[in-house]
Amino acid sequence: MAPYVPGPRYPSASGSVAASGTTSVSRPDPYPAVKPDKFVASASTSKHLSRQALKLLSAIEGDRKLAASVMDAAQRGHNQEVLRLLRSTGISVPIVVKVTPAVIQIALRPDTDPNDCCELHVKMRWSQPV
């Protein structure tokens, strides 16, 4: 195997973060200038959703009765009961749940402007697909 040889280095564009230290990047191409404010806000909100997901997953992991109840309600198609059980873990964000006989998928959404910035999806399996 040949050793890695780095490619050519390209100088920073005059309006780039590396060249100017600013947060807006101007480019001589058809793309608009980069303004990371929304992206940074989405990262912050996603961190909050991640903490909520961890709370939910820790509750399921630590309580076999809860886990069995969620599975049973999901397999029986009792979606409102699945939602009630998952919300009983103390999470504070809206969730959307999809279940199959083998899988539960949970989408955690921000409680403000749920269609705008981000979602966190968790997919867990309890049996092999048929």
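Buried means under 20% relative accessible area, exposed means over 50%, and partly exposed lies in between (1.4 Å probe, protein chains only). The structure is a predicted model, in which local features need pLDDT of at least 70 and side-chain atom pairs count only at pLDDT 80 or more, while totals for chains, interfaces and linings use all residues. Residues are numbered from 1 along each chain as its sequence is written, and side-chain values use heavy atoms, with hydrogens and water left out.

**Exercise 1. Determine whether serine 42 is buried or exposed, and state which residues serine 42 touches.**

Step 1. Serine 42 lies in helix H2; helices (H or I, at least four residues) and strands (E, at least two) are DSSP runs, numbered from the N terminus.

Step 2. The relative accessible area of serine 42 is 11%, so this residue is buried.

Step 3. Contact means heavy atoms within 4.5 Å. Leaving aside residues up to four places away in sequence, serine 42 touches Cys117 and Cys118.

**Exercise 2. State how many salt bridges the model holds, and describe the pairs.**

Step 1. A salt bridge requires a side-chain nitrogen of Lys or Arg within 4 Å of a carboxyl oxygen of Asp or Glu. By this rule there are three salt bridges.

Step 2. Aspartate 72 and arginine 76 form a salt bridge with an N to O distance of 2.8 Å. Aspartate 72 is partly exposed at 36% relative accessible area, whereas arginine 76 is exposed at 56%.

Step 3. Arginine 84 is joined to glutamate 81, with the closest N and O atoms 2.7 Å apart. Both residues belong to helix H4 (residues 79-87) and are three residues apart, about one turn of the helix. Arginine 84 has a relative accessible area of 46% and is partly exposed; glutamate 81, at 30%, is also partly exposed.

Step 4. Arginine 109 forms a salt bridge with glutamate 119, and their closest N and O atoms are 2.4 Å apart. Arginine 109 and glutamate 119 are both in the loop between strand S2 (103-108) and strand S3 (120-125), ten residues apart. Arginine 109 is partly exposed at 25% relative accessibility, and glutamate 119 is partly exposed at 32%.

**Exercise 3. Explain why S2 is largely enclosed, and describe how S2 pairs with S1 and S3.**

Step 1. Five of the six residues of S2 are buried, so the strand is largely enclosed by the rest of the structure.

Step 2. Two strands pair if DSSP finds at least two bridges between them. S1 and S2 pair in the antiparallel sense over five bridges, and a hairpin of three residues joins S1 to S2. Isoleucine 95 stands opposite leucine 108 in S2.

Step 3. S2 and S3 also pair in the antiparallel sense, over six bridges. Isoleucine 104 has methionine 124 in S3 as its bridge partner.
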